[in-house]
Amino acid sequence: MNIAVNPELTEDSHQTIYLKDYTPPNFEVLSIDLNIQVFDDHALVHSKLLMQRQQAGDLILFGRDLELLSISLNGQALTDADYVLDTEQLIIKNAPDQAEFAISVKIHPETNTQLEGLYQAGNLFVTQNEPEGFRKITFFPDRPDVLTVFTTRVEADKKYPTLLANGNLIEKGELDSIDSGVGRHFAIWHDPTKKPSYLFAAVIGDLDVLKDSFTTMQGRQVALEIYALAQDLPKCHIAMQALKDSMTWDEDVYGRPYDLDNYMIVAVSQFNMGAMENKGLNIFNTACVLADPEVTTDPAMFYVKSTIAHEYFHNWTGNRITCRDWFQLCLKEGFTVFRDQSFSDMLQSPAVQRIDDVSSLKSVQFAEDAGPLSHPPRPDHFVEINNFYTATVYDKGAEIVRMMANLLGPEKFRQGTDEYFRRHDGQAVTVEDLIDSLSDGSGVNLHHFLPWYSQPGTPCVKGSGRYDASAKTYTLTLSQSTPKRPNYPEPQALPIPVAVALFDQQTGQQMMLHNTALQHNGVEDGLVLLDQAEQIMVFEQVNTEPVVSLLRNFSAPVLLDFAYSDDDLAFLLANETNGFNQWQAAQLLLERILLQGHDAAIYLNAIAQAIPKVGEHDALLASRLLEVPTENYLASRIEHDLNPAEVHQKREALLDAIAAMLKDYWPRAYQALPIVAFEDNSIEMGKRAYRNVLLGFAIRAGIADALTWASQQYEHAVCMTERIGALRQLVWHDAAGAKDKLADFYTRFQHEALALDQWFAVQAGNPNGNVTLASQLLQHADFDWGTPNRIRSVTGYFAGNPVLVWTTAGMQFYAEIAQRLDKQNPVLASRILQILSRWYTLAEPLRSEAKSILQNLKPQVSSSSVCETLQNLLKAD
């Protein structure tokens, strides 16, 4: 069929879209009947749309990479003259108010390497439609504010016995040779809940299924099913238990029961995302659903549990209530991340959970906010929405919800969320709708939090304290500032909840707080709201000079620059009552040492006293207290003349000093944690994590037998955490026998894809490696350019060594990978290119070399994802 092209619609293939230009859809879709027929070399998609006008304007259906076979309107076949068709959309002018469309298209999932829409992954056909993949399946008003009821017929050869789609199975059967040839069958699914097209899912393949059930608080019996390849099914039990735990938690904490008769999860190896919350039919990256102690580390198993929870919690915060437009992405993702983080508190101690969340936030989101890719949680424009699935949208979005939740307290926050669910169930909404509901439901006005969603950059809270012994008062002065970002207005003061406590400097005991500005007066743990450029707070009845602890439990996503002495921070490390606050004090000290050149002696003495005590009763917390800020995080705090080698050398020297300071402790502590039978609980997880930390420091300290311990740990390991921890030390220190252990690991796990990812990662992440080694890994027979997990196992872990990345060869390495993936998988290519986002902070001559590499990449790429990222990177110059 000829294609009539509208030049106005294709003039700028990388068009910028603005929040201010939002308009409601001209037509709603009352229902859609889909018929997907999969063949070896193509697929046919027949759709019937019942549409009704909502306002004046053209009828617009989005479509990409579709071969239009036929189209009819209200039973009449349309000709080329009846519509305008280009590479992105089909437009019908003067459409009737009531419209029934029948559309047939041909697509090619077997050659779809971008992993969007319907694509083939091995012997599996699977969909990924968020954000705009459905338009690669058929023509449709593919936007999140168009919700409709789906009925889906899936047809394929019988060699694919698994035929899944959203909703409830209402019919299945075989096809005779007259209609469709020998050996084909079909299944028809109906989803009674209205949903946007990005939540549509279908799966065609040959999968086994793990079955269980759950009874909701309303008495509904829900069939639970996890689909995976036969050899992977035994690795689904941890995910199944996590699903049931999540369902129980959401009922207990939010009063949210599940609403369908079945809940299905499908494990897919070739998947760009971690997982996708399609209504009733979640599709998961295998890394986020398969777990077994022999092949999965403790952190990876923890991630499986939290990801299962995240996607399940989306049923209410994302599915039943969804986004009006993609600018509101943080609405569903931020709220749901907050929910899954809260759920994860019960999987390990809340203090360690908070440490892990904040450590990730600082390493990734703070760095993002400090560079050319900085944007608000709710951006006001984009070219490619795929580029905004970021730490700012997810993690900073979660921190905003957390601030409001902490300010309200559990009871009022629950009242606010109840109102949100009551008011907006079945709707596509905005950030304003959430804050309206929280405010109305709780009776507390939260609208002053709205600027958090629209203002980019990380605020910095500065402060000082003064004790008046005669008046027995402590005066706390706090101020806030946010750096201005290009193309955004001057930053305004934000509401910043600051959790505060006072500790007696002599006894270390926590003191009572007396200040009318506190949320609650006469308590030990206080919360003040800093909502002006500067505020002064006076605490009364302070009988002895205190040390103040601020931003406790990281009460706001800000940088803290308080006039602490190093002795004050060492005091807090020793006396704070919460593990997170101890960690935060240690991190502030470490940043001073590594970024400002402070003497390390105070920190070394403090950590030497704290670690043996903490290690005895909380090994997991002890493992976190020994963390030193990553080189990437430290680099994000340096705005110009960055010398990666200097940062690396300073950090290594400090790690060596820690190792030497506790040299006698490492062997004693390591031997006190022998390998025992595997148990999946936070206490044993902590012991395994701490054992690996102790091993690393013992080797660094030059303990004579430490490398032998590593070899023995590898041989006698009962789980992957122990084995990979030992292998990492052996390989990274080029120990005798390291190559043999590496070969042994490959032989053991060459048929376990996720374990083999770790084999690649250990080598790519070697701080003593180089670009040549990383490039050789890309040539390995088991490296697969079609599997994002395998690609990230090299590119992601190599990026952990910025001293290797920020070389001419390292930067060229990432530019070439982005170029190679630009057409094949532009979403992944864009994310890999973002590793170079802080090139402009480099000292010369590296800065000029980086700029040249990025400029030379421009004519070599064409996808909107990569072009937008590249353009933003170069704007930083």
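This is a predicted model: local features need pLDDT of at least 70, side-chain atom pairs count only at pLDDT 80 or more; totals for chains, interfaces and linings use all residues.
1. 3 strands form an open sheet, and their order is 4-8-7. The pairing is antiparallel. Strand 4 (59-62) and strand 7 (84-85) are the edge strands. Each has a single partner strand, so one side of each has no neighbour in the sheet. Strand 4 is joined to strand 8 (residues 89-92) by 4 bridges.

2. Strand 29 covers residues 534-539, and its side chains alternate. Gln535, Met537 and Phe539 point to one face and are buried. Strand 26 (residues 473-481) pairs with strand 29 over 6 bridges, in the antiparallel sense.

3. **Helix 6.** Where does helix 6 kink? The kink is centred on Lys362 and is about 35°. The helix spans residues 350-369. Of its 20 residues, 14 are buried, so helix 6 is largely enclosed by the rest of the structure.

4. **Lys159.** This residue sits in the loop between strand 12 (147-157) and strand 13 (162-165). Lys159 is partly exposed, at 45% relative accessible area. Leaving out residues up to four places away in sequence, Lys159 touches Asp40 and Asp206. With Asp40 there is a polar contact, side chain to side chain, at 3.1 Å. Gly205 is 46 residues from Lys159 in sequence, yet the two C-alpha atoms are 7.7 Å apart.

5. **Salt bridges: Glu130 and Lys332.** The model has 54 salt bridges. One of them joins Glu130 to Lys332, with the closest N and O atoms 3.0 Å apart. Glu130 lies in the loop between strand 11 (124-128) and strand 12, and Lys332 lies in helix 5 (residues 329-344), so the pair ties together parts 202 residues apart in sequence. As a general point, side chains of opposite charge can pair when their charged atoms come close.

6. **Salt bridges: Glu155 and Arg184.** The side chains of Glu155 and Arg184 also meet in a salt bridge, at 2.9 Å from N to O. Glu155 is in strand 12 and Arg184 in strand 15 (residues 184-196), so this pair ties together parts that are 29 residues apart in sequence. Both Glu155 and Arg184 are buried.

7. Glu684 forms a salt bridge with Lys687, with 3.4 Å between the closest N and O atoms. Both residues lie in helix 18 (residues 682-700). They are 3 residues apart, about one turn of the helix. In general, an α-helix has 3.6 residues a turn, so residues three or four places apart point the same way. Glu684 counts as buried, at 12% relative accessibility. Lys687 counts as partly exposed, at 32%. Elsewhere, salt bridges with shared partners link Arg64, Glu88, Glu132, Arg135 and Asp142 into one network.

8. **Aromatic pairs.** How many aromatic pairs does the structure hold? The count is 41. Phe382 and Phe388 make one of them, a tilted pair at 6.2 Å centre to centre with 50° between the planes. Phe382 is buried, at 4% relative accessible area, and Phe388 is buried at 9%. Tyr389 and Tyr394 have ring centres 6.4 Å apart and planes at 50°, so this pair is tilted. Ring centres must lie within 6.5 Å to count as a pair. Tyr389 is buried, with a relative accessible area of 12%. Tyr394 is partly exposed, at 21%.

Conventions
Residues are numbered from 1 along each chain as its sequence is written. Side-chain values use heavy atoms; hydrogens and water are left out. Two strands pair if DSSP finds at least two bridges between them. Helices (H or I, at least four residues) and strands (E, at least two) are DSSP runs, numbered from the N terminus. The bend at a residue is the angle between axes fitted to the seven residues ending there and the seven starting there. Buried means under 20% relative accessible area, exposed over 50%, partly exposed in between (1.4 Å probe, protein chains only). Contact means heavy atoms within 4.5 Å. A polar contact is a pair of N or O atoms within 3.5 Å; within protein, one must be able to donate a hydrogen and the other to accept it, and residues adjacent in sequence count only if both atoms are side-chain atoms. A salt bridge is a side-chain nitrogen of Lys or Arg within 4 Å of a carboxyl oxygen of Asp or Glu. Rings of Phe, Tyr and Trp (its six-membered ring) pair if their centres lie within 6.5 Å; planes under 30 degrees apart count as stacked, over 60 as edge-to-face and the rest as tilted.
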